[in-house]
Structure formats: structure tokens, C-alpha cells
Amino acid sequence: MCGNNMSVPLLAEAVTVSGTEKETAAVIFLHGLGDSGHGWADTMTAIRLPHVKYICPHAPRIPVTLNMKMTMPSWFDLMGLSPDSPEDEAGIKRAAENIKAIIDHEVKNGIPANRVMLGGFSQGGALSLYTALTCQQQLAGVVALSCWLPLHKSFPQAASTSGNRDMPILQCHGEMDPMIPVQFGAMTAEKLKVIVNPQKITFRTYPGLMHSSCPQEMAAVKEFIEKQLPRI
């Protein structure tokens with residue numbers, strides 16, 4: 001592979017699932033708090049398309065306020081999990097820049113930005129939404145699982161220079177989620193409708209599902225990726 005991964009810190013360690021033919025698209029998928037890219041790389045392998053490369057980076061280890069300042073993999077600090085909780089604005093913006101650096105790297109290596117999709121679960125889904133909505137390059141879409149929109153009060157103004165006002169978003173949430181209640185997901189979907197074309201937003205909920213994913217949800221994710229990143 002051409003290009004130097006070392007210049008993009010998150011890429012050097014990321015788990016990458018390579019395509020089985022010429023890679024013409026990429027999915028960058030971000031894990032949740034305290035997790036790593038490995039589990040989601042396995043999940044992506046199970047639904048992978050032959051022309052798509054899946055990149056599952058690991059979050060840096062930082063002290064997390066919500067968990068008594070314990071150090072764990074986290075994209076940014078979390079103070080709480082309600083719509084009114086204080087937020088780590090500097091950390092969220094810094095994390096988004098690090099994800100944009102991965103997008104730039106893929107573009108340099110021949111995959112155009114409009115063939116790059118962001119996705120994530122929980123905190124990773126939150127970061128994927130924030131990154132896409134503040135990214136000037138036009139992306140292929142976002143898969144946002146069991147998550148919320150960070151710094152939601154800064155939108156729609158924060159998306160004023162975004163290239164993604166017409167971007168498809170697949171948002172999925174478990175109806176029994178005890179960590180990020182489905183109501184928070186629904187509020188996020190409503191907020192997204194004033195930022196991007198509301199017709200491009202799909203919000204799906206899954207009865208009985210807690211703060212995790214399920215086969216039906218992953219089937220919907222695969223279908224969304226196939227539709228937005230067809231073989232060319």
C-alpha cells in the first residue's frame with residue numbers, strides 16, 4: 001500500500017479488513033467507550049463486500065470523568081450520557097480532526113471522499129456523526145448505531161461549511177438500551193433533520209435490543225453500505 005501510515009497516528013494501529021478485489025471504497029468504523037477496533041473488525045468481516053476496505057481504529061487511552069477518571073480507550077472525555085450533560089468540546093473537535101486525517105489518507109491513496117463512509121457504535125457513532133457533519137469533503141454516508149450527536153446545540157451552524165448536507169444517514173437504536181435511551185436516539189434523529197436533507201435520514205429501532213447490536217441491525221447496515229457504496 002502506498003502512503004505512510006505513520007503520519008496518521010490512528011491508522012498505524014488500526015485493524016484493517018482488506019477487500020478481496022480492487023478496493024474502490026472504504027468504511028471507517030469507530031468502536032464504543034472502553035472497546036477496541038478488533039470486535040467491530042470481526043463484525044465488518046461478517047458483512048463485508050469484496051470491493052470495500054474496512055478500517056477499525058482504536059481510540060487513545062484517556063481518563064474518563066464518567067468512570068471515576070479511570071483510564072480507558074475513549075475518543076473524547078465523557079461527563080455524562082444525557083442531552084444536557086457537559087461535553088468535552090476540545091476533545092470532540094480534536095478527535096474529529098484525527099478521523100478526518102484518516103479520510104485524507106484514503107483520498108491520497110486513491111479512494112475518493114465520496115466513496116468513504118463513516119460509522120460507529122455508541123461514542124464511536126457519536127464521533128462519526130460529528131466528524132461527517134463538520135467535514136468539508138462530501139462523504140458517502142454515516143452508519144450511527146446506539147448513539148447521539150455531540151455538541152448538538154452548536155448545530156446547524158457548525159455544519160455551515162459541511163459538504164454533507166445531503167448525505168444519507170442510517171441511525172439504529174435498541175429500544176431497551178439502558179445506557180443511551182432510545183428517546184435520546186429519536187431526539188438525535190429529529191435534530192439531524194434540520195442539519196441534513198430529512199429524506200436522507202433513516203432511523204430504525206429494534207425491540208428488546210439493549211446497548212449492543214443484533215443480526216437484523218447488521219443486515220440493515222450491510223444493505224445500506226451496498227446501496228451507498230456499490231461496486232464500480
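How many cavities of 30 Å³ or more does the structure hold? The structure holds 1 such cavity. A cavity here is a set of points, on a 1 Å grid over the protein atoms alone, where a 1.4 Å probe fits but cannot get out. This is a predicted model, in which local features need pLDDT of at least 70 and side-chain atom pairs count only at pLDDT 80 or more, while totals for chains, interfaces and linings use all residues. Residues are numbered from 1 along each chain as its sequence is written, and side-chain values use heavy atoms, with hydrogens and water left out.

The largest cavity holds about 120 Å³ of space, a volume being the space filled by probe spheres set on the grid points. Its lining has 16 residues, and Leu-78, Gly-80, Pro-86, Glu-87 and Trp-148 are the closest to its centre. A lining residue has an atom within 4 Å of a point. By type, the lining divides into 9 nonpolar, 4 polar and 3 charged residues. Ala, Val, Leu, Ile, Met, Phe, Trp, Tyr, Cys and Pro count as nonpolar, Asp, Glu, Lys and Arg as charged, and the others, Gly among them, as polar.

Next come the aromatic rings. A search of the whole structure finds 4 aromatic pairs. Rings of Phe, Tyr and Trp (its six-membered ring) pair if their centres lie within 6.5 Å; planes under 30 degrees apart count as stacked, over 60 as edge-to-face and the rest as tilted. Trp-40 and Phe-121 form a tilted pair, 5.5 Å centre to centre with 35 degrees between the planes. Trp-40 lies in helix α2 (residues 37–46) and Phe-121 in strand β6 (residues 116–121), 81 residues apart, so the pair links distant parts of the chain. Helices (H or I, at least four residues) and strands (E, at least two) are DSSP runs, numbered from the N terminus. Trp-40 is buried at 8% relative accessibility, and Phe-121 is buried at 9%. Buried means under 20% relative accessible area, exposed over 50% and partly exposed in between, with a 1.4 Å probe and protein chains only. Phe-29, Trp-40 and Phe-121 form one aromatic cluster.

Ser-122 lies in the loop between β6 and α4 (123–133) and is buried, with a relative accessible area of 8%. Ser-122 touches Gly-32, Leu-145, Ser-146, Cys-147, Trp-148, Ile-180 and His-211, not counting residues up to four places away in sequence. Contact means heavy atoms within 4.5 Å.

Key
On a 1 Å grid over the protein atoms alone, a cavity is a set of points where a 1.4 Å probe fits but cannot get out, and a pocket is an open set with protein on both sides within 12 Å along at least five of seven lines; lining residues have an atom within 4 Å of a point.
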